Amino acid sequence: VEQGRISLDDDVRKYIPELPNYGAKITIDQLVHHTSGLRDFWALVQVAGMRFDDGYTVGDVIRLAARQKHLNFPPGTEYDYSNTGYIALGLIVQRVTGKSLRDFTAEQIFGPLGMTSTHFRDDHTMLEPGRASAYSPLPEGGYRINVWNNDIVGQGGLILTVNDLLKWDENFYTGKVGGPGFLKR
């Protein structure tokens with residue numbers, strides 16, 4: 001948007017024609033603000049009888065969303081958090097810029113802010129030096145490793161350090177990326 005490549009009022013189908021015409025325009029702004037009506041990806045996985053811990057790609061998310069005949073509500077009329085919307089935003093970035101969300105954000109956001117240890121983890125098999133393994137408690141006691149095995153990003157998948165988080169926070173005051181007052185738009 002800042003570079004003039006897309007508009008917040010653009011129809012999402014302009015960039016993701018795989019999505020059906022739901023009878024109403026879904027805008028990029030509605031994806032950003034969770035008012036698109038698109039069903040959340042994890043709800044679609046559950047309804048489809050798929051496993052949460054299977055490996056999924058951005059393509060899988062779009063295919064599941066494209067199979068939906070209706071939205072949860074008319075776009076712009078309600079709020080409902082949707083991972084699908086944020087994954088779609090990442091795909092739009094990729095299609096408009098020709099770069100992965102990881103590469104685009106490294107170049108346009110994280111690099112300029114000096115966030116050298118931050119990236120979108122779009123390859124779950126990549127080694128992450130210094131990263132601790134996640135684990136979850138078991139009902140009967142003890143723990144098990146709980147590893148994210150998906151390559152979907154946009155809704156999450158962000159790896160960063162506390163030092164980089166401080167640099168991110170500082171940008172809210174300086175506007176180094178996004179310009180002065182970028183949060184007031």
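Buried means under 20% relative accessible area, exposed means over 50%, and partly exposed is what falls in between (1.4 Å probe, protein chains only). You're working with a predicted model, where local features need pLDDT of at least 70, side-chain atom pairs count only at pLDDT 80 or more, and totals for chains, interfaces and linings use all residues. Residues are numbered from 1 along each chain as its sequence is written, and side-chain values use heavy atoms, with hydrogens and water left out.

**Exercise 1. Work out the geometry of the pair Tyr135 and Tyr143, and say whether its members are buried or exposed.**

Step 1: with 5.2 Å centre to centre and 90 degrees between the planes, Tyr135 and Tyr143 make an edge-to-face pair.

Step 2: Tyr135 and Tyr143 are both exposed.

**Exercise 2. Find the residues behind the nonpolar surface patch.**

Step 1: Patches use residues with over 30% relative accessible area and no salt bridge; like charges are joined within 9 Å, and nonpolar side chains (Val, Leu, Ile, Met, Phe, Trp, Tyr) within 5 Å. Accessible areas come from the Shrake-Rupley method with a 1.4 Å probe, and for residues only the protein chains shown count as cover.

Step 2: the members. Leu158, Leu160, Leu165, Trp168, Phe172 and Tyr173 make a patch of about 570 Å².

Step 3: the main contributor. Helix 6 (residues 162-174) gives the largest share, 4 residues. Tyr173 lies in helix 6, and at 62% relative accessible area Tyr173 is exposed.

**Exercise 3. Go through the salt bridges Arg63 to Asp60, Lys99 to Glu107, and Lys167 to Asp164.**

Step 1: the criterion is a side-chain nitrogen of Lys or Arg within 4 Å of a carboxyl oxygen of Asp or Glu. The whole structure has 6 salt bridges.

Step 2: Arg63 meets Asp60 at 2.8 Å, N to O. These two are 3 residues apart in helix 3 (residues 58-66), about one helical turn, and Asp60 is partly exposed at 22%.

Step 3: Lys99 and Glu107 bring their closest N and O atoms to 2.5 Å. Lys99 is partly exposed at 28%, and Glu107 is partly exposed at 42%.

Step 4: Lys167 and Asp164 pair up at 3.9 Å, N to O. They're 3 residues apart in helix 6, again about one helical turn. Lys167 is partly exposed at 34%, whereas Asp164 is buried at 2%.

Notes. Phe/Tyr/Trp six-rings, centres within 6.5 Å; stacked < 30°, edge-to-face > 60°.
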